[in-house]
Amino acid sequence: MKVAVTGANGFVGKALCRYLATAGYDVHALTTSTSTFVSSNITYHLINSPPSVTDLQSVLSGVSVVVHLAGLAHNQSVLSKYRFFSLFYSANICYAKSLAVACVAANIRRIVFVSSHGVNSIISSTDLDFPNNYTISKLLSESIFQISSFCSSLEYVILRPPLVYSSACPGNLSRLARLFSFVPLNVFGAFNARRSFISLDNLLEVLRISISSPSVANNIYEVADPSPVSVAMLANAFYANSSTPKLSKFLSRLAFALIRPVILLFPFGRKLLCDSIVESTRFVVDSGWRPRSEHSPPISLSGLFSADD
(Lines give C-alpha, C1' and ligand atoms only; values in the text may rest on other atoms or scores of the structure.)
Protein backbone atom coordinates (compact mmCIF):
# COMPACT_ATOMS: atom_id res chain seq x y z
CA MET A 1 0.00 0.00 0.00
CA LYS A 2 1.24 3.47 -0.90
CA VAL A 3 1.06 5.87 2.08
CA ALA A 4 1.97 9.56 2.12
CA VAL A 5 3.21 11.15 5.35
CA THR A 6 3.26 14.92 5.81
CA GLY A 7 5.67 16.38 8.35
CA ALA A 8 7.99 13.49 7.60
CA ASN A 9 11.03 15.20 9.12
CA GLY A 10 9.33 15.83 12.47
CA PHE A 11 9.65 13.88 15.71
CA VAL A 12 6.76 11.52 14.96
CA GLY A 13 7.11 11.75 11.17
CA LYS A 14 10.64 10.36 11.01
CA ALA A 15 9.75 7.46 13.26
CA LEU A 16 6.54 6.72 11.35
CA CYS A 17 8.26 6.66 7.95
CA ARG A 18 10.85 4.19 9.25
CA TYR A 19 8.15 2.10 10.95
CA LEU A 20 5.95 1.88 7.85
CA ALA A 21 8.88 1.24 5.51
CA THR A 22 10.06 -1.62 7.72
CA ALA A 23 6.52 -3.03 7.66
CA GLY A 24 6.58 -3.09 3.85
CA TYR A 25 4.56 0.02 3.01
CA ASP A 26 5.52 2.18 0.03
CA VAL A 27 6.08 5.45 1.90
CA HIS A 28 6.02 8.88 0.27
CA ALA A 29 7.46 11.38 2.73
CA LEU A 30 6.39 15.00 2.30
CA THR A 31 8.81 17.41 3.92
CA THR A 32 10.06 20.97 3.72
CA SER A 33 13.68 19.98 4.37
CA THR A 34 16.00 17.22 3.24
CA SER A 35 16.34 14.03 5.27
CA THR A 36 19.45 11.98 5.98
CA PHE A 37 17.47 8.76 6.45
CA VAL A 38 17.46 6.62 3.31
CA SER A 39 15.33 3.53 2.66
CA SER A 40 14.34 1.69 -0.49
CA ASN A 41 10.71 1.95 0.64
CA ILE A 42 10.73 5.72 1.24
CA THR A 43 10.45 8.36 -1.48
CA TYR A 44 11.04 11.92 -0.32
CA HIS A 45 9.23 14.94 -1.78
CA LEU A 46 10.33 18.49 -0.98
CA ILE A 47 7.33 20.83 -0.82
CA ASN A 48 6.59 24.41 0.15
CA SER A 49 5.18 25.32 3.54
CA PRO A 50 2.26 25.57 3.43
CA PRO A 51 1.98 23.74 0.10
CA SER A 52 -0.46 24.60 -2.65
CA VAL A 53 -3.10 22.17 -3.92
CA THR A 54 -1.05 21.76 -7.11
CA ASP A 55 2.09 20.90 -5.11
CA LEU A 56 0.22 18.21 -3.22
CA GLN A 57 -1.63 16.73 -6.17
CA SER A 58 1.64 16.14 -7.98
CA VAL A 59 2.95 13.86 -5.20
CA LEU A 60 -0.29 12.11 -4.21
CA SER A 61 -0.82 10.20 -7.44
CA GLY A 62 -1.49 6.55 -6.66
CA VAL A 63 -1.48 7.11 -2.88
CA SER A 64 -4.15 5.26 -0.88
CA VAL A 65 -3.81 6.87 2.55
CA VAL A 66 -2.36 10.17 3.79
CA VAL A 67 -1.14 10.58 7.37
CA HIS A 68 -1.14 14.27 8.20
CA LEU A 69 1.43 15.21 10.85
CA ALA A 70 2.72 18.53 9.52
CA GLY A 71 2.00 21.77 11.29
CA LEU A 72 3.20 24.37 13.75
CA ALA A 73 3.38 23.13 17.32
CA HIS A 74 6.48 23.48 19.49
CA ASN A 75 8.72 25.86 17.55
CA GLN A 76 6.83 28.97 18.49
CA SER A 77 7.23 31.38 21.36
CA VAL A 78 4.79 31.38 24.25
CA LEU A 79 3.44 34.75 23.09
CA SER A 80 2.74 33.50 19.57
CA LYS A 81 0.96 30.45 20.94
CA TYR A 82 -1.52 32.63 22.76
CA ARG A 83 -1.63 35.81 20.66
CA PHE A 84 -0.67 35.44 17.00
CA PHE A 85 -3.30 33.27 15.36
CA SER A 86 -2.06 34.12 11.85
CA LEU A 87 0.98 31.89 12.33
CA PHE A 88 -1.20 28.89 13.05
CA TYR A 89 -3.73 29.79 10.37
CA SER A 90 -1.04 29.63 7.70
CA ALA A 91 0.89 26.60 8.96
CA ASN A 92 -2.01 24.45 10.16
CA ILE A 93 -5.36 25.51 8.73
CA CYS A 94 -4.22 26.54 5.22
CA TYR A 95 -2.21 23.32 4.97
CA ALA A 96 -5.27 21.28 5.97
CA LYS A 97 -7.45 23.08 3.41
CA SER A 98 -5.00 22.45 0.57
CA LEU A 99 -4.48 18.85 1.62
CA ALA A 100 -8.21 18.12 1.83
CA VAL A 101 -8.81 19.51 -1.68
CA ALA A 102 -5.83 17.58 -3.07
CA CYS A 103 -6.95 14.34 -1.42
CA VAL A 104 -10.43 14.60 -2.91
CA ALA A 105 -9.03 15.44 -6.36
CA ALA A 106 -6.57 12.53 -6.22
CA ASN A 107 -9.22 10.05 -5.01
CA ILE A 108 -7.34 9.31 -1.80
CA ARG A 109 -9.17 6.63 0.17
CA ARG A 110 -8.44 7.90 3.69
CA ILE A 111 -6.73 10.67 5.59
CA VAL A 112 -5.42 10.05 9.10
CA PHE A 113 -5.05 13.33 10.98
CA VAL A 114 -3.11 13.57 14.22
CA SER A 115 -4.86 16.33 16.13
CA SER A 116 -4.41 16.99 19.86
CA HIS A 117 -6.06 16.08 23.13
CA GLY A 118 -5.95 19.82 23.80
CA VAL A 119 -8.96 20.45 21.55
CA ASN A 120 -11.09 19.14 24.41
CA SER A 121 -10.33 22.41 26.20
CA ILE A 122 -12.55 24.05 23.58
CA ILE A 123 -15.37 21.53 23.19
CA SER A 124 -15.65 20.17 26.74
CA SER A 125 -16.76 22.10 29.80
CA THR A 126 -15.08 19.54 32.06
CA ASP A 127 -11.58 19.66 30.56
CA LEU A 128 -9.17 21.75 32.62
CA ASP A 129 -6.58 22.44 29.95
CA PHE A 130 -6.64 25.90 28.42
CA PRO A 131 -7.41 26.66 24.75
CA ASN A 132 -4.81 28.47 22.68
CA ASN A 133 -4.13 29.19 19.02
CA TYR A 134 -2.56 25.78 18.52
CA THR A 135 -5.56 23.83 19.79
CA ILE A 136 -8.01 26.11 17.97
CA SER A 137 -6.15 25.51 14.69
CA LYS A 138 -6.24 21.76 15.31
CA LEU A 139 -9.99 21.77 15.89
CA LEU A 140 -10.62 23.82 12.74
CA SER A 141 -8.41 21.44 10.76
CA GLU A 142 -10.47 18.52 12.06
CA SER A 143 -13.59 20.23 10.73
CA ILE A 144 -12.02 20.68 7.31
CA PHE A 145 -11.36 16.96 6.93
CA GLN A 146 -14.81 16.04 8.23
CA ILE A 147 -16.54 18.38 5.78
CA SER A 148 -14.41 17.03 2.93
CA SER A 149 -15.47 13.51 3.86
CA PHE A 150 -19.15 14.45 3.90
CA CYS A 151 -18.84 15.89 0.38
CA SER A 152 -16.82 13.04 -1.16
CA SER A 153 -15.75 9.42 -0.75
CA LEU A 154 -12.72 10.44 1.37
CA GLU A 155 -12.60 8.66 4.74
CA TYR A 156 -11.10 10.29 7.80
CA VAL A 157 -9.62 9.05 11.06
CA ILE A 158 -8.88 11.79 13.58
CA LEU A 159 -6.65 10.98 16.54
CA ARG A 160 -6.38 13.13 19.66
CA PRO A 161 -3.32 11.94 21.56
CA PRO A 162 -1.90 13.58 24.68
CA LEU A 163 1.79 14.38 24.97
CA VAL A 164 3.94 11.88 23.03
CA TYR A 165 7.13 10.73 24.71
CA SER A 166 10.31 8.84 24.01
CA SER A 167 13.93 9.61 24.82
CA ALA A 168 15.00 13.02 23.49
CA CYS A 169 11.47 14.07 22.57
CA PRO A 170 10.63 17.77 22.03
CA GLY A 171 7.82 19.81 23.48
CA ASN A 172 6.31 19.98 26.95
CA LEU A 173 8.19 17.00 28.35
CA SER A 174 11.51 18.65 27.53
CA ARG A 175 10.19 21.86 29.09
CA LEU A 176 9.33 19.92 32.21
CA ALA A 177 12.82 18.38 32.29
CA ARG A 178 14.36 21.84 32.01
CA LEU A 179 12.15 23.02 34.86
CA PHE A 180 13.44 20.18 37.01
CA SER A 181 17.03 20.99 36.08
CA PHE A 182 16.65 24.61 37.23
CA VAL A 183 15.35 23.62 40.67
CA PRO A 184 18.12 22.39 43.03
CA LEU A 185 15.67 20.45 45.22
CA ASN A 186 12.93 18.00 44.30
CA VAL A 187 10.00 20.13 45.44
CA PHE A 188 7.55 18.28 43.18
CA GLY A 189 6.77 15.36 45.47
CA ALA A 190 3.25 16.65 46.19
CA PHE A 191 2.33 17.27 42.53
CA ASN A 192 -0.02 14.29 42.39
CA ALA A 193 -2.34 15.38 39.58
CA ARG A 194 -2.41 12.60 37.00
CA ARG A 195 -1.92 13.10 33.27
CA SER A 196 -2.09 10.68 30.37
CA PHE A 197 0.79 10.27 27.96
CA ILE A 198 1.36 8.06 24.94
CA SER A 199 4.63 6.40 24.05
CA LEU A 200 5.96 6.85 20.54
CA ASP A 201 5.79 3.07 20.04
CA ASN A 202 2.11 2.98 20.97
CA LEU A 203 1.30 5.94 18.73
CA LEU A 204 3.05 4.32 15.76
CA GLU A 205 0.94 1.19 16.18
CA VAL A 206 -2.23 3.31 16.47
CA LEU A 207 -1.31 5.03 13.21
CA ARG A 208 -0.67 1.71 11.44
CA ILE A 209 -4.10 0.46 12.51
CA SER A 210 -5.71 3.76 11.48
CA ILE A 211 -4.19 3.38 8.02
CA SER A 212 -5.42 -0.15 7.41
CA SER A 213 -8.44 -0.98 9.56
CA PRO A 214 -11.90 -0.56 7.94
CA SER A 215 -13.60 -0.46 11.35
CA VAL A 216 -12.13 2.91 12.41
CA ALA A 217 -13.16 4.92 9.35
CA ASN A 218 -14.91 8.27 9.87
CA ASN A 219 -14.31 8.44 13.60
CA ILE A 220 -12.54 10.64 16.13
CA TYR A 221 -10.54 8.81 18.78
CA GLU A 222 -8.60 9.66 21.90
CA VAL A 223 -5.62 7.37 22.39
CA ALA A 224 -3.14 7.09 25.25
CA ASP A 225 -1.07 4.65 27.28
CA PRO A 226 -3.10 2.47 29.65
CA SER A 227 -2.06 4.25 32.86
CA PRO A 228 -1.60 7.96 33.62
CA VAL A 229 1.33 9.30 35.61
CA SER A 230 1.85 12.22 37.97
CA VAL A 231 4.40 15.01 37.85
CA ALA A 232 5.72 13.63 41.15
CA MET A 233 6.55 10.33 39.42
CA LEU A 234 8.35 12.13 36.60
CA ALA A 235 10.25 14.33 39.06
CA ASN A 236 11.30 11.33 41.13
CA ALA A 237 12.62 9.65 37.99
CA PHE A 238 14.51 12.76 36.94
CA TYR A 239 16.09 13.40 40.31
CA ALA A 240 16.87 9.71 40.91
CA ASN A 241 19.84 10.01 38.53
CA SER A 242 21.21 13.14 40.18
CA SER A 243 22.76 14.04 43.50
CA THR A 244 19.81 16.29 44.37
CA PRO A 245 18.73 15.91 48.02
CA LYS A 246 15.31 14.40 48.59
CA LEU A 247 12.74 16.26 50.64
CA SER A 248 10.52 14.63 53.22
CA LYS A 249 6.77 14.42 52.55
CA PHE A 250 6.20 17.32 54.95
CA LEU A 251 8.73 19.56 53.22
CA SER A 252 7.42 18.56 49.78
CA ARG A 253 3.91 19.58 50.79
CA LEU A 254 5.19 22.82 52.28
CA ALA A 255 7.12 23.63 49.09
CA PHE A 256 4.03 22.79 47.03
CA ALA A 257 1.91 25.20 49.09
CA LEU A 258 4.48 27.98 48.66
CA ILE A 259 5.01 27.72 44.91
CA ARG A 260 1.45 26.81 43.90
CA PRO A 261 0.26 30.47 43.64
CA VAL A 262 3.17 31.26 41.30
CA ILE A 263 2.56 28.19 39.12
CA LEU A 264 -1.09 29.12 38.70
CA LEU A 265 -0.03 32.32 36.93
CA PHE A 266 1.20 30.35 33.89
CA PRO A 267 -0.84 28.14 31.52
CA PHE A 268 1.85 25.45 31.44
CA GLY A 269 2.06 25.56 35.22
CA ARG A 270 -1.71 25.23 35.62
CA LYS A 271 -1.56 22.01 33.61
CA LEU A 272 0.72 20.53 36.27
CA LEU A 273 -2.02 20.93 38.88
CA CYS A 274 -4.95 19.38 36.96
CA ASP A 275 -5.85 15.79 36.21
CA SER A 276 -6.05 15.14 32.46
CA ILE A 277 -6.97 11.52 31.79
CA VAL A 278 -7.41 10.15 28.28
CA GLU A 279 -9.55 7.04 27.77
CA SER A 280 -8.72 4.88 24.75
CA THR A 281 -11.63 2.47 25.21
CA ARG A 282 -13.43 3.33 21.97
CA PHE A 283 -10.35 2.84 19.84
CA VAL A 284 -9.48 -0.41 21.62
CA VAL A 285 -13.01 -1.78 21.08
CA ASP A 286 -13.28 -0.67 17.45
CA SER A 287 -9.81 -1.66 16.31
CA GLY A 288 -8.65 -4.41 18.67
CA TRP A 289 -5.57 -2.35 19.57
CA ARG A 290 -3.63 -3.66 22.53
CA PRO A 291 -1.38 -0.90 23.83
CA ARG A 292 1.96 -1.90 25.23
CA SER A 293 1.61 -1.82 28.98
CA GLU A 294 4.91 -3.23 30.13
CA HIS A 295 5.90 0.10 31.63
CA SER A 296 6.17 0.07 35.40
CA PRO A 297 5.67 2.87 36.31
CA PRO A 298 3.49 3.52 33.26
CA ILE A 299 6.07 5.70 31.55
CA SER A 300 9.29 3.91 30.72
CA LEU A 301 11.48 6.35 32.58
CA SER A 302 14.83 4.85 31.71
CA GLY A 303 16.51 7.33 29.37
CA LEU A 304 13.39 9.50 29.19
CA PHE A 305 15.25 12.60 30.29
CA SER A 306 18.21 12.49 27.96
CA ALA A 307 21.18 14.81 27.82
CA ASP A 308 19.57 16.63 24.89
CA ASP A 309 16.57 17.80 26.94
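Val157 stands opposite Asn219 in β10. Strand β6 (residues 155–160) pairs with β10 in the parallel sense, over four bridges. Two strands count as paired if DSSP finds at least two bridges between them. Helices (H or I, at least four residues) and strands (E, at least two) are DSSP runs, numbered from the N terminus.

This is a predicted model, in which local features need pLDDT of at least 70 and side-chain atom pairs count only at pLDDT 80 or more, while totals for chains, interfaces and linings use all residues. Residues are numbered from 1 along each chain as its sequence is written, and side-chain values use heavy atoms, with hydrogens and water left out.

**The sheet.** Seven strands form an open sheet with parallel pairing, in the order β3-β2-β1-β4-β5-β6-β10. Its edge strands, β3 (42–46) and β10 (219–222), each pair on one side only. From one strand to the next, the twist averages 20°. Helix α4 (residues 85–105) packs on the sheet and touches β1 (2–6), β4 (65–68) and β5 (110–114). The direction of α4 makes about 175° with that of β4. Here contact means heavy atoms within 4.5 Å. Axes are lines fitted to C-alpha atoms, for helices over the stretch in contact, and angles run from 0 to 180 degrees between N-to-C directions.

**The whole protein.** The secondary structure comes to 12 helices and 11 strands. Buried residues make up 50% of the 309 residues. Buried means under 20% relative accessible area, exposed over 50%, and partly exposed in between (1.4 Å probe, protein chains only). Among contacts between residues at least 6 apart in sequence, 78% join residues at least 24 apart.

**The cores.** A nonpolar core is a set of buried Ala, Val, Leu, Ile, Met, Phe, Trp, Tyr and Cys residues joined through side-chain atoms within 4.5 Å. The largest one holds 34 residues; Val5, Val67, Leu207 and Phe283 touch the most other members. At least two residues each come from β1, α1 (11–22), β2 (26–31), β4, β5, β6 and α8 (200–212). The largest share, seven residues, is from α8. Leaving aside neighbours within four places in sequence, Leu207 is in contact with Val12, Leu16, Val67, Val112, Val114 and Leu159. A second, separate core of 24 residues includes Leu30, Ala70, Ile108 and Ile111.

**Helix α6.** This helix has 18 residues and reaches 26 Å from its first C-alpha to its last. That is close to the 26 Å expected at 1.5 Å a residue; the expected span is 1.5 Å times one less than the number of residues. Of the 18 residues in α6, 13 are buried, leaving the helix mostly covered.

Asn132 is found in the loop between α5 (120–123) and α6. Asn132 caps the N-terminal end of α6. Glu142 lies within α6 (residues 133–150). Not counting residues up to four places away in sequence, Glu142 touches Phe113, Ser115, Val119, Ile158, Arg160 and Ile220. Glu142 and Leu159 are 17 residues apart in sequence and 9.6 Å apart in space, C-alpha to C-alpha.

Both Glu142 and Asn132 count as buried. The table sets out their side-chain partners.

| Residue | Relative accessible area | Side chain reaches |
|---|---|---|
| Glu142 | 1% | Ser115 side chain, 2.6 Å |
| Asn132 | 4% | Tyr134 backbone nitrogen, 2.9 Å |

The Glu142 entry is a polar contact. A polar contact is a pair of N or O atoms within 3.5 Å; within protein, one must be able to donate a hydrogen and the other to accept it, and residues adjacent in sequence count only if both atoms are side-chain atoms.
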